[in-house]
Number of protein chains: 2
Amino acid sequence: MSKLDFKILKQKWNARVWQITLNGITLTTPVFMPVWTKATIKWIVLDMLKDPTYIWDLPEIKLILANTFHLYLRPGDELIKEAWGLHTFENWDKLILTDSGGFQVFSLWLGKNVEWSIIQDGGGNHDVKMKLTEDGVTFRSPYDGSKHMFTPEWVVDIQCNLWSDIMMVLDVCSPSGADKKIIEKHMQMTHRRAKRAFDHLKPKYNDVRGVLFPIVQWWTYLDLRQESVDFLSNYARDGIAVGGVSVWESKELIREVVSYTASKLPTNVPRYLMGVWTPEDITHAIEEGFDMFDCVLPTRLGRHGQAFATGGNVKINNAKYTKDFTPLTNDCGCYTCKNFTKAYLHHLIKEKEMLWGILLSLHNIMYLHKIVEDWKTAMLK
Amino acid sequence: MSKLDFKILKQKWNARVWQITLNGITLTTPVFMPVWTKATIKWIVLDMLKDPTYIWDLPEIKLILANTFHLYLRPGDELIKEAWGLHTFENWDKLILTDSGGFQVFSLWLGKNVEWSIIQDGGGNHDVKMKLTEDGVTFRSPYDGSKHMFTPEWVVDIQCNLWSDIMMVLDVCSPSGADKKIIEKHMQMTHRRAKRAFDHLKPKYNDVRGVLFPIVQWWTYLDLRQESVDFLSNYARDGIAVGGVSVWESKELIREVVSYTASKLPTNVPRYLMGVWTPEDITHAIEEGFDMFDCVLPTRLGRHGQAFATGGNVKINNAKYTKDFTPLTNDCGCYTCKNFTKAYLHHLIKEKEMLWGILLSLHNIMYLHKIVEDWKTAMLK
């Protein structure tokens, strides 16, 4: 039996509102998860996300995402285990989803003069920073150059050490535009890894906190997506994730792939669409039946002075906001919009007073949170 | 009649607990004021200081300090006036004290190759960054080199534009170790400036929001302090400030000067001791009859990874805290100490995750706030 209980609150065409309970925490989906890469959401005190002052009349955020790759390297999953898990370490009493690190290992070295041929076959180059083998993936730490290996089993163990609530399998990512044969090889390897990860988890499934999701990728190759869904559905006991739809490709193509993949996914488990973040893309994906979303953009853009707004992001550094005594947006009502003007936020970024990043990050997180919550409210009416 | 109402709640030897009401806000003194230099307390969302989550069972903070010099230069007091004052601009519905800028003009250029003789007499040097005249002080903006002049009258007007609740007169600061004759000249000049500032405010006293405090300085020269108190007491209608006791001098000498000056001050108005911050110095000053304190150190030290603690500051960057799963201090109970371990804070600073500075700044502010509040509670028993 799944550790993840759910109740269908509403279904309309492909879209759905579920009530999910895991480890004693109940939330409704669809849900937007803020990203807590290194055991902290950048520039934000996490209690703010539980506090009516900052989230006004929206339901509190109950599910966040942390990063296995970074936490394994620093401060180390063993240290976090000693600290009684990530929840205790970072003071978060709700749910935590951890990614597998597969994407980080892949993306950290891509574009850093690591040749594509080395990534695809392991090559013989001694300078290799990332090497794929059947057993797993070897990589060098971007922090100190030390050598590490992730295997599917080991990545499950790391996530168990973190006391993750929702774990991801170690997948093999493929670069956009790669030869289809290579991508197919990566897919087959990912399938074998998924099997190993679930075989490893099976005997201790009831003793650990987390559930495990497989990941479907493979860019715009719909036949590969179909094949991967067919195979990985066998492991979608508690949920399934879909990746590879948010970078490099055109909006139209992404939508087509999202719709197609959604139509093939099992309907009886939560579906997590990785890294999709624009308000329109999230709304589209919700309508196609996706339930979970995450992205680092709200905080990253916030730190760089950009705020989400209908009709285009507000770049608060712009001189035209010097005497603009209106809020970032008129339709938001978040803590930042309710209490501060563009003129004040402009003053803060000009003076390099970090509060600008805190307030813009809060706005951006709440902007996406509100879109999802408003959609849910409308559905439940 | 003073705009500042007060009620004596307790008096014991020289120490006192007052209830003060100004502009509809009531607070009790002694009080520690966090510093909001440029319309933001560095790295902190100011609503945190009103929120039980962060201040636990202490009374909320109701009085903060902002910086006339910096706000005049950026974003400009005229802009803040247009924004309906500093309270509206920075979203603070309690009280704001503004310093006069006298100390900033003085300290920004001291030690920056400005010769002492130029500071004392204005000199003839064209490169002069700060020039004292009978009329006021001319200085160049540290931001863009533009030329500005502060007169006693103008500084009152700036503070009125900011909608300050408690304003300070433009004073002339003297460098430590300066010849007594020079210091005496500065004192006489400060007295004339105080008279001008109060003469300027008088006709509009009932139309503006703020009250105005004169400032007594003059280092360790007790006779000058006595003379200055005698003169400035004439203007201490709503309160009086004492400066020049927190930099450069020995602890013993500072205490002697604090005690002496306190014994000469009028007893029927609030007394503000500027820039004194160590827990011991604050406690000593409270016992000598001072009511108000401020310092930038809590947030500055916090950003640099130092946390106040009994028995010496905790330097959280130290490797010995890597696996220290205890709070910063055992006797504090603030939000940071209640929820996070040294190991977590150490991880944050190692990863340059700014939350370390937010949490340490909160701890340091609350640490001093608690010392003052605990003292008050004990007095009122």
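Copies are superposed by least squares on the C-alpha atoms of residues with pLDDT of at least 70 in both.

**Figure 1. Chain A and chain B of the predicted model, superposed.**

**Figure 2. The interface residues of chain A and chain B.** Of the interface residues of chain A, 100% are also interface residues in chain B, so the copies meet through the same surface.

**Figure 3. The overall fold of chain A.** Chain A contains 15 helices and 18 strands. Its C-alpha trace spans about 60 × 50 × 45 Å along the principal axes. A compact globule with 381 residues would have a radius of gyration near 21 Å, and the 21 Å of chain A agrees with this.

**Figure 4. Burial and contacts in chain A.** Of the 381 residues in chain A, 51% are buried. Among contacts in chain A with a separation of 6 or more, 68% are made by residues 24 or more positions apart.

**Figure 5. The largest nonpolar core.** This core has 231 residues. The residues with the most contacts inside the core are A:Leu273, A:Leu362 and B:Leu362.

**Figure 6. The surroundings of A:Leu273.** Residues up to four places away in sequence are not counted in this view. A:Leu273 touches A:Val242 and A:Val258, and also A:Ala285, A:Phe290, A:Met292 and A:Phe293. A:Leu273 is also one of the residues with the most contacts inside the largest nonpolar core.

Methods: Residues are numbered from 1 along each chain as its sequence is written. Chains are lettered from A and ligands numbered from 1 in the order in which they are written. This is a predicted model: local features need pLDDT of at least 70, side-chain atom pairs count only at pLDDT 80 or more; totals for chains, interfaces and linings use all residues. Helices (H or I, at least four residues) and strands (E, at least two) are DSSP runs, numbered from the N terminus. The radius of gyration is taken over C-alpha atoms; the globule rule is 2.2 Å times the number of residues to the power 0.38. A residue is buried if 20 or more other C-beta atoms lie within 10 Å of its own, exposed if 12 or fewer, and partly exposed in between; C-beta atoms are placed from the backbone. Two residues are in contact if their C-beta atoms, placed from the backbone, lie within 7 Å. A nonpolar core is a set of buried Ala, Val, Leu, Ile, Met, Phe, Trp, Tyr and Cys residues joined through C-beta atoms within 7 Å.
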